[in-house]
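Student: I have a protein model to read. Can we go through it together?

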Amino acid sequence: MTRRTPFVWALALAAAAAVPGAVSAHSGPPYAVVTQQAAGPYRLSLWTDPDSTDDRTPGGQFWVVIEPGRDGSVPPATRARVAIRPLDRTADAPFVEAAAEPVNGDVTRQYAGLVMDHEGPFAVRVIVDGPWGGATVDTRVQATYDLRPPLPLLGVYMLPFLAVGFLWTTRLLRRRRARRGGAL
């Protein structure tokens with residue numbers, strides 16, 4: 001083992017940690033706010049990850065699960081819409097709506113993304129229309145900012161740990177060489 005080996009290993013570890021795909025993480029799993037609620041001819045569930053954003057990206061994520069409330073399967077023409085309205089702003093704020101799209105072509109699981117521009121309570125309305133008729137479910141969610149630090153900042157946070165690991169490894173290798181040299 002040469003003198004450069006610890007440096008090469010430390011450099012390889014730092015490069016692996018800097019790869020965005022390896023460091024990217026999710027702030028938390030979606031959670032259910034409505035579970036199999038009977039609404040018209042359907043049973044509806046709503047899962048959400050209500051992240052608020054400042055850059056006008058749709059951080060409010062909603063998954064609508066549509067199950068038949070009677071025998072048979074949900075007709076392929078059944079579509080859901082998700083609408084939100086802030087509850088902590090003006091009382092007459094209008095609902096902002098987005099059409100939900102089937103996930104992987106499955107009409108029983110549909111996804112919609114909406115912009116939640118601030119933290120706080122939001123009213124959520126799910127509207128389902130289809131050949132069997134319509135249904136509506138109302139609920140509330142609490143939007144919060146995504147608490148993950150920006151990706152470049154993760155690298156800065158990792159630097160002290162990488163430095164300590166590098167120094168510790170270097171110290172262990174020096175001890176090993178010193179013992180081998182003293183034993184001869």
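Student: What does the accessible surface of the protein chain come to?

Tutor: This is a predicted model, where local features need pLDDT of at least 70, side-chain atom pairs count only at pLDDT 80 or more, and totals for chains, interfaces and linings use all residues. Residues are numbered from 1 along each chain as its sequence is written, and side-chain values use heavy atoms, with hydrogens and water left out. Areas come from the Shrake-Rupley method with a 1.4 Å probe, and for residues only the protein chains shown count as cover. Carbon and sulfur atoms hold 60% of the accessible surface, which comes to about 11,700 Å².

Student: Is Ser 45 buried or exposed?

Tutor: Ser 45 sits in strand 2, residues 42–52 (strands are DSSP E runs of at least two residues, helices H or I runs of at least four, both numbered from the N terminus). Buried means under 20% relative accessible area, exposed over 50%, and partly exposed in between (1.4 Å probe, protein chains only). Ser 45 has a relative accessible area of 7%, so Ser 45 is buried.

Student: Which residues does Ser 45 touch, not counting those up to four places away in sequence?

Tutor: A contact means heavy atoms within 4.5 Å. With residues up to four places away in sequence left out, Ser 45 touches Val 34, Thr 35, Gln 36, Trp 63, Val 64 and Val 65.

Student: Where does Val 156 lie?

Tutor: Val 156 has a relative accessible area of 47%, so Val 156 is partly exposed. The element that holds Val 156 spans residues 151–183 and is helix 3.
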